[in-house]
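Colleague: I'm new to reading protein models. Could you walk me through a few features, one at a time?

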Amino acid sequence: MPATLTKSETIQKLLARKDGASITQLQAATAWQPHSIRAALSGLRKKGISIDRGTNSKGAAVYRLTVETS
């Protein structure tokens, strides 16, 4: 049986998608409140994971993992 993802891993997986994820999508996936999602994003940044904030076609904030090129 495959291991289940932690909520932090779930957030990273959603952020890795081409379109990224909104706070609402991250909430639906984790059942966390918006302030908890934002704290998790801050925690990922402190671990050295680069996260970009943009907007989607509806004007909502969308977060994505930033692909760094060397």
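**Helices, strands and loops**

Modeller: Gladly! This is a predicted model. Let's begin with a pair of helices: helix H1 (residues 7-15) packs against H2 at an angle of about 145°, and their axes are 10 Å apart. H1 passes H2 in a right-handed crossing.

Colleague: Which residues in H1 and H2 meet?

Modeller: From H1 come Lys-7, Thr-10, Ile-11, Leu-14 and Leu-15, and they meet Gln-25, Leu-26, Ala-29 and Thr-30 in H2. Sorted by class, this contact of H1 with H2 has five nonpolar, three polar and one charged residues.

Colleague: Now a strand, please. Is Ser-22 buried or exposed?

Modeller: To decide, look at the relative accessible area: buried means under 20%. Ser-22 has a value of 11%, so Ser-22 is buried. This residue belongs to strand E1 (residues 21-22). Leaving aside residues up to four places away in sequence, Ser-22 touches Ala-61 and Val-62.

Colleague: And where is Lys-58?

Modeller: Lys-58 sits in the loop between strand E2 (51-55) and strand E3 (61-65). Exposed means over 50%. Lys-58 has a relative accessible area of 77%, so Lys-58 is exposed.

Colleague: How far apart are Lys-58 and Leu-41 in space?

Modeller: Their C-alpha atoms are 22 Å apart, with Lys-58 and Leu-41 17 residues apart in sequence.

Definitions and conventions. Residues numbered from 1 in each chain as written. Predicted model: local features only at pLDDT ≥ 70, side-chain atom pairs only at ≥ 80, totals over all residues. Heavy atoms only, no water. Helix = DSSP H or I, 4+ residues; strand = E, 2+ residues; numbered from the N terminus. Buried < 20%, exposed > 50% of the residue type's maximum accessible area, 1.4 Å probe, protein only. Contact = heavy atoms within 4.5 Å. Axes fitted to C-alpha atoms, helices over the stretch in contact; angles between N-to-C directions. Left-handed = near helix turned anticlockwise from the far one by under 90°. Nonpolar A, V, L, I, M, F, W, Y, C, P; charged D, E, K, R; others polar.
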